[in-house]
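My entries follow the structure.

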Amino acid sequence: MRARPLAVAAVTALATLATLACGDRRADGGGGLPPAERWQAPAGGDTAAAPPPETADERLARCVAEVFVAEADRDGNLPSDVLRAWPGVADADAVTLLRALVAAAGRLATADQQALLLAEAGLALVERGETQTARAALDRAGALARRDGRDRRETRADLAVAGAARAWGRLGDDAAVRRLAADPEAGPYLARGLVEGGHGERADQVLAGLDASGAIEPFAAGELPIVDLLRGRPERARARLAAVPADWREVFTLRLATAAVEHGHADARALVAQAAGLVDGAGAPPSMELELARLAHLVGDGDDARARRGRIHRAIATLADAELAHVALWRLHDLALGAGEPAEAAAVIATLEARAARPWMLAMARADALARAGELDRALDEVEHLAPSLRPPRGVVYVWLLTRHLARGAGERDAAFARRLADRACG
């Protein structure tokens, strides 16, 4: 199982462009009771009030979170993209699972793993309107991400800094703005978060300061056109793109198009076309081609998206690098499912089989298809029937299954499935 960490991380990365010292294993930074000489009984009683008993939903969320973290710790990865979206899941249900993931984060062995999980969960909590747990998670993420310094771009710690800064911006937190506004790495993500949180004038102030300083980390600079676009300055966003070095231009243009689509911007379709003009024929990696296919589908250009997926499938089938081909095929399978094309998705699984993909990857793809079709028991069987050494990361699949279960709504959920998932996750 140790041979798969990088492949698992790549396979589960659904946002490819966003896309180390041991960490403190206590998520609260060393909490618990203070020393006896400083402890005082709470007013009105001799002992502290006992916490309310754990509900069945909270227990299931805790167990799923602990399996997710245990397997990420074992494999040395962190497929944090599974924290995103969860369509149809009510805020209260999402918050229960996110809180469980925050509580479990301290079990991860390395600081950068903890930091990324806390930052991603914190951002998701902010998006769901739960700020108390989010603030604690973001404080901890910031401390962990900067613990030992870094010399490589796009590591987990870098992504944690970016996610935490964006979340602080959404909150409009004064202290965070003062601390991060001039940071060459975090400042651009802070500005984006400020816009997304409705703090547009403050975002402009941060952006002006960054522009004046000229000290912006190269990859983080890709956030600046996004800030301009979301602030209603599309021409300025395009001017920024025109000014970046040629080897960054298609990457930044694709990032801008992605943000435009995700925010439902009026220029989204035009920006996707602009990105396609730069990426097509440029020998771009499969990840960029796949992102263009995803965006084409989301802006309603189904014919172009379908044609792109077909071209990508044919190209991937001949890739010499088997590991790269497997990861790209996984992503293509995800796109076909998202486009509502089960026959196309089945053809991709056939190609995975023909290219000798590992059993855990095939099981994971089949479980994803079954979960999306509402076949939660069959999806769980797809994972559980394999020998432990051949299984995919069960924690990822459990999160998929739990969120699909929660999306059904309280009156439509299968209580027997919930008990079965709890037996597997908590046992």
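**Pocket entries**

I sorted the lining of the second largest pocket by residue class and found six nonpolar, one polar and six charged residues. Nonpolar here covers Ala, Val, Leu, Ile, Met, Phe, Trp, Tyr, Cys and Pro, charged covers Asp, Glu, Lys and Arg, and polar covers the others, Gly among them. I note that this is a predicted model, in which local features need pLDDT of at least 70 and side-chain atom pairs pLDDT 80 or more, while totals for chains, interfaces and linings use all residues. Residues are numbered from 1 along each chain as its sequence is written, and side-chain values use heavy atoms, without hydrogens and water.

A pocket is an open set of points on a 1 Å grid over the protein atoms alone, where a 1.4 Å probe fits, with protein on both sides within 12 Å along at least five of seven lines; lining residues have an atom within 4 Å of a point. I looked up which residues lie nearest the centre of this one: Glu54, Glu58, Arg62, Thr96 and Ala100, of 13 lining residues. Helix α3 gives the most to the lining, with seven residues. Helices are DSSP runs of H or I, at least four residues, numbered from the N terminus.

**Backbone entries**

I found that tryptophan 86 has a positive phi, near 55 degrees, although not a glycine. Tryptophan 86 sits in the loop between α2 and α3, and counts as buried (under 20% relative accessible area, 1.4 Å probe, protein chains only) because its relative accessibility is 7%.

I then checked helix α6, where 13 of 16 residues are buried. Glycine 172 follows α6 with a positive phi near 65 degrees.

Key:
Helix = DSSP H or I, 4+ residues; strand = E, 2+ residues; numbered from the N terminus. Buried < 20%, exposed > 50% of the residue type's maximum accessible area, 1.4 Å probe, protein only.
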